[in-house]
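This report goes through a structure with the sequence and the model at hand.

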Amino acid sequence: MATTIDHSLPIDGAAETRDRPALGRVHEWVVTVDHKRLGLMYIGGGLVFFLVAGLQASTMRLQLAIPEAGLVSPEMFNRLMTMHGTAMVFMVGMPILTGFFNYLIPLMIGARDLAFPRLNAFGFWLWAFGSILLYFSYIGAPGLYGAGSAPDVGWFAYAPLTERAFSRGSSTDYWIIAIFLTSVGSIATAANLVTTIFCMRCEGMRLNKMPVLVWLALVVAFMMLIALPPLSAAQAMLMLDRLLGAHFFDTQAGGSAILWQHFFWIFGHPEVYILVLPAFAFASEIIPVFSRKVIFGYNVMVVASIAIGFISMSVWAHHMFAVGMTAAGNSFFVTSTMLVGVPTGIKIFNWLGTIWGGKVRFKVPMLFSLAFLFQFLIAGLTGIILAVAPFDWQLTDTYFVVAHFHYILVGAILFMIFAAIYYWFPKATGRMLGERLGRWHFWLFLIGFHLTFDTLHFAGLRGMPRRIYTYEPGRGLEAINMLATIGVAFQAAAVLCFLFNVVKSIRKGEIAGPDPWDAWTLEWSTTSPPPEYNFAQLPVVKSRRPLWDLKHPEDPDWLYE
Amino acid sequence: MGAANRLIPPNTVFGTTSTPAHVITTLAFFAFLVTGGIFLVVGGTLAWSIVRFRRRADDDGTEPPQVYGSNPIEFAWTAVPILIVFVLILTTARTIFTLQEPAHPPGSLNVRVIGHQWWWEFRYPAYGIVTANELHVPLSDPAHPTPTFLALESADVAHSFWVPRLAGKTDVIPNRKNEMWIDPHVAGTYLGQCGEFCGTEHAMMLIRVVVEPRADWEKWVAAQHATATIDPSAARGRAVFEGTACVNCHTVAGTNATGRFAPDLTHLMSRETIAAGAALNTPANLKAWVDDPAMIKPGALMPAMNLDPQDLDDVVAYLTTLK
């Protein structure tokens, strides 16, 4: 059993650095290979881009609040929507989730770092420079040609709009290279996570004793290894088209526009699961702790996660129902898409089973998690509706789709990112993130989210296509769009509460101690924040909840698992 | 523009007047029924259990009983969803085959639809008609359907042809021929627009479909056939038009204007709108458009020709004679 936790040992490694001059401390963060610092830098960097891309979204919503508004030009609107989409996926979602896995995996499996710390740092800096490069396009892309600014071809950049004939200047090249860099960084991180999880677990932690979060990280890492290389290959081909005059996607010279779509979505759809499985991972840790019950159906949860990983590799062309596939082809992708709903549903049922019979504590991380459950349920069901291919011919590329995937990306993933930040903030900083401001954050964000994204479903059903910079009055869209924009104001206010809360709590928050939530996994057995080497002595575990065993020696988990 | 289009009912995907859209709506109601039922059951149970199993004020601080799982329950909530999705899969597949493999009854009409950055070209091969942005089709009698089959091609980038009340959208992709069909049962004007992001003016690539009783439609066909009447009073405008770059992109049948890059203007005045629906086709709007297209549709590929005021007036006067 984990009898090895001895808090009397002088394990506060950070103390000796505190007296260094400011420049020296910055230098330490730049050269660090510590998984915790890299994790925090990923999350912090992701949050910075979250603010930028969020402001871009707010600008678009202001433009669309009333019909025929002239706030931004069509060209600027197209840049806003391209940058918003690209940044939210590659510069916000990916780094924040990678950051959490970076921070948590070694702590949860009782390791001192990831398997390849330098590769980890390399991945981070590739991501950081790729992201900066994308935004540098606003300044750099006019380039020698004097045309274009930031990329304006949409985040999925359909060929041949991205070819030189239709996208002059360098903006699309910036987009290609930025995404190429961040994807290579993600591939490095994925290899690192797989190796770490297979090779670095502490004594006693067999695969089936790992926390559910670690299992999901493993599935996500494998999915990244499979899904990202096609994206990188497609970016390389597009670059050859643009810079060397190749014809992969150049339809005017016989290239294929559909080929790009297949490449993009065989990355793009697994990517949705790469982003949402970490949200499942957080929920699978937070819901049990705040329900005071062990996760219901651990084995089924693990199998369902792996099943989602496999099935989600075969659903990509449901993004392409309207491109004119054969009836048999369409039917195949209807089938695979609907089937992926089954293991996903099983996960919701098991979280429900975890809450059932528990004693639910409504702390901020749990509030966000409960909202996640409802919102993810709705997002999954609208996903089933979109999988009905003929109906998708009506709804694809409309605001119904926008509302559906924002229900996943915001209602599920962002809500769970907030939950995870409130839950693990005490571990990373040693101080609690304020509960009172946290509740303001939660309720404002909940109201804003529903005002914006519930209404947008109806815009789609009323025939409003996505990616239009304006629309006509008198087409039944005014009230919907006005409500959606008002919702953004609530979301912005909520994010301000959150930022204020973070700034305040880092300096003055209540001291957390090693285990503020009375939780059960290994990260709570070390100090908050953990020393650079995580554990003075590597732990030894006998069950999935080593701290439960420690706290309840009369009724340990390993008797039942 | 809004004033004219306000009178046309909103593009709700449930306000269907054509078989493909109608079949889709029926299937959609079934899908909403099933998913709505799932939402009520699961969401209701979730809400109930959160309230029921909240920590009470008089809690004694002990941990609740730890339940690790249950195989019968797991089996039940795996089997039921599988059954439900299989019903949905089979109904969906049946509708896919119905819509994608339609019959071609005699009397059906074939139209070539060519997407351009940011307008639509419509060609009627059997009638030798070329027009733009406003598709005229005959009414189809449900008892004796005369559907219109649209062959979709693109001249540049990917677009998508979407008129929600008539059918779902089908992408218009360069180097590829797609097909879709409509058979409208109610006369009137239907609005639609490009459904796939295609560049700067994606938002202003609108479609009008005018559905007319067969006799009216045949009148329209006859009018489109007539050669352009050349009104001698507009001779100066015609000379300016034919002496500038207009003719490189536009066609006016029977003249030296034979460009294929932009809309055919032979019967310009038979259309309700200009600039792919961005403005009503009035002399004032035509003048503004010819003077500087970017004022009406920023990013439009038609350049401002910088005509002096007299030439501008004359060209517009000439254009208004193209009935």
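## A helix across a sheet

Helix 4 of chain B, residues 214-225, lies across strand 4 and strand 10 of chain B, and runs at about 135° to strand 4 of chain B. The model in which this packing is seen is a predicted one.

An open sheet of chain B is made of three strands in the order 4-10-9, with mixed pairing. Its edges are strand 4 (134-138) and strand 9 (188-193) of chain B, each of which pairs on one side only. From one strand to the next, the twist averages 25°. Strand 9 of chain B and strand 10 of chain B (residues 206-212) run antiparallel and are joined by six bridges. Within this pairing, Gly188(B) has Val211(B) in strand 10 of chain B as its bridge partner.

## A hairpin in chain B

Four bridges pair strand 2 (residues 119-124) of chain B with strand 3 (residues 129-132) of chain B in the antiparallel sense. Glu121(B) has Ala132(B), in strand 3 of chain B, as its bridge partner. Four residues lie between the strands of this hairpin, and Gly128(B) takes a positive phi near 65° there.

A cis peptide bond, with omega about -5°, joins Gln117(B) and Trp118(B). Trp118(B) is placed in the loop between strand 1 (109-116) and strand 2 of chain B.

## Chain B and its domains

Chain B has nine helices and 12 strands. Its radius of gyration is 27 Å, whereas a compact globule of 323 residues would have one near 20 Å. The C-alpha trace of chain B spans about 95 × 50 × 35 Å along its principal axes. Of the 323 residues in chain B, 41% are buried. Among the contacts in chain B with a separation of 6 or more, 65% are between residues 24 or more positions apart.

The chain is divided into domain 1 (1-43 + 72-214) and domain 2 (232-319) of chain B. The centres of these two domains of chain B, taken over C-alpha atoms, are separated by 32 Å. Their contact takes 17 residues from domain 1 of chain B and 16 residues from domain 2 of chain B. On the side of domain 1 of chain B, the elements that give two or more residues are strand 2, strand 3 and strand 10 of chain B. Strand 3 of chain B gives the most to that side, with three residues. By class, the side of domain 1 of chain B that touches domain 2 of chain B has 10 nonpolar, four polar and three charged residues.

## Chain A

Chain A has 15 helices and zero strands. Its radius of gyration is 24 Å, close to the 24 Å of the globule rule for 561 residues, so chain A is as compact as a globular protein of that length. Along the principal axes, the C-alpha trace of chain A spans about 70 × 50 × 45 Å. Of its 561 residues, 63% count as buried. Of the contacts in chain A between residues at least 6 apart in sequence, 81% join residues at least 24 apart.

## Backbone details in loops

In chain A, the peptide bond from Ala159(A) to Pro160(A) is cis, with omega near -5°. Pro160(A) is found in the loop between helix 4 (117-140) and helix 5 (171-199) of chain A.

Asn534(A), a residue other than glycine, has a positive phi near 70°. This asparagine is in the loop between helix 14 (478-508) and helix 15 (546-551) of chain A. Asn534(A) is buried because 24 other C-beta atoms lie within 10 Å, the cut-off being 20 or more. In chain B, Ala275(B) also has a positive phi, near 55°. Ala275(B) is found in the loop between strand 11 (273-274) and strand 12 (279-280) of chain B. It has 25 C-beta neighbours inside 10 Å and therefore counts as buried.

Terms used:
Residues are numbered from 1 along each chain as its sequence is written. Chains are lettered from A and ligands numbered from 1 in the order in which they are written. This is a predicted model: local features need pLDDT of at least 70, side-chain atom pairs count only at pLDDT 80 or more; totals for chains, interfaces and linings use all residues. The radius of gyration is taken over C-alpha atoms; the globule rule is 2.2 Å times the number of residues to the power 0.38. A residue is buried if 20 or more other C-beta atoms lie within 10 Å of its own, exposed if 12 or fewer, and partly exposed in between; C-beta atoms are placed from the backbone. Two residues are in contact if their C-beta atoms, placed from the backbone, lie within 7 Å. Two strands pair if DSSP finds at least two bridges between them. Axes are lines fitted to C-alpha atoms, for helices over the stretch in contact, and angles run from 0 to 180 degrees between N-to-C directions. Domain bounds come from an automatic or database domain assignment. Ala, Val, Leu, Ile, Met, Phe, Trp, Tyr, Cys and Pro count as nonpolar, Asp, Glu, Lys and Arg as charged, and the others, Gly among them, as polar.
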